[in-house]
Amino acid sequence: MSDGSKSRPAVEGVASADRALTVLSAFRKGDRALSLAELAARTGLVKSTIMRLAVSLEAHGYLSRTEDGGYRLDAEVLRLGTIYTQSFRVEAHVVPVLEELVARTGETAAFYVRRGEQRLCLFRADSPHLLRMHVRVGDALPLDNSAIAQVLRAFSPRPLPAYVAALDLPIVTMGATDPHTGAIAMPVFGPGEDLAGALALSAPVSRWMPEAIAAARPVLAEAAAVLTRRLGGDVPELPRTAAE
């Protein structure tokens, strides 16, 4: 039995910082501004607390007030988002791989990273087909049972969980997030054998015929291996199965 105390952080967070970040996280795609009432409903915080937090967030450039008294995200959020993307220093490596995947398979290719219990679409190259996935760069989706989420969930922990040794890579799922969409995903590793993200192909299930899946899997596996090398990564040693 493991010692539960080892999994707890050495220091505790600051409640006021947690609440301020909760306010920022309340904004969703498509929101131009949120009223005080909307922020209260989404965060569960009382309005007076939100108003006090907003003063500090405004002072540091994370929020600004609208003419009607609402709140919108300000330029500091964009600055950090730009730094976040640049800090990966992977765009120059990832995007050409995505474009080659689209050229070879005709399907949408994307690169996802894990953000807590969500998967964030960091880069994407669209299929030439009119009928295709409409997830956009920057969209955050649940860490559900999709192939992409399974890869991120399985290969994020260190040490790797024992069950990864039995995974049939690339992982294929049909209709896990949307009944009309299927995905194939592979892990990509960076320096230190850490998971860099999930490389994926997505398409309507109507195009994922058995022969299409069989053709796409080795292409995706090869692309993931190439990208891992370009990022200076190494595939970690998988846990041994009981039979071994």
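Proline 159 sits in the loop that links helix H6 (147-155) to strand S6 (171-174); helices (H or I, at least four residues) and strands (E, at least two) are DSSP runs, numbered from the N terminus. The model is predicted, so local features need pLDDT of at least 70 and side-chain atom pairs count only at pLDDT 80 or more, while totals for chains, interfaces and linings use all residues. Residues are numbered from 1 along each chain as its sequence is written, and side-chain values use heavy atoms, with hydrogens and water left out.

- The peptide bond between arginine 158 and proline 159 is cis, and its omega is about 0°.
- Proline 170 also belongs to the loop between H6 and S6.
- Leucine 169 is joined to proline 170 by a cis peptide bond, with omega near -10°.

**Strand S8 and its cover**

- Strand S8 spans residues 195-204 and is mostly covered.
- Of its 10 residues, 10 are buried (under 20% relative accessible area; exposed is over 50% and partly exposed in between, with a 1.4 Å probe and protein chains only).

**Partners of S8**

- Strand S3 (residues 108-115) runs antiparallel to S8, and five bridges join the two; strands pair if DSSP finds at least two bridges between them.
- Within this pairing of S3 and S8, phenylalanine 111 has leucine 199 of S8 as its bridge partner.
- Strand S7 (residues 181-189) is antiparallel to S8 as well, and nine bridges join S7 to S8.
- Phenylalanine 189 stands opposite leucine 195, a residue of S8.

**The turn between S7 and S8**

- S7 and S8 make up a hairpin, and five residues lie between the two strands.
- Glycine 192 is in the turn of this hairpin and has a positive phi of about 75°.
- Glutamate 193 is also in the loop between S7 and S8.
- Is glutamate 193 buried or partly exposed? Glutamate 193 is partly exposed, because its relative accessible area is 34%.
- Glutamate 193 and threonine 228 are 35 residues apart along the chain. Their C-alpha atoms are separated by 9.3 Å.
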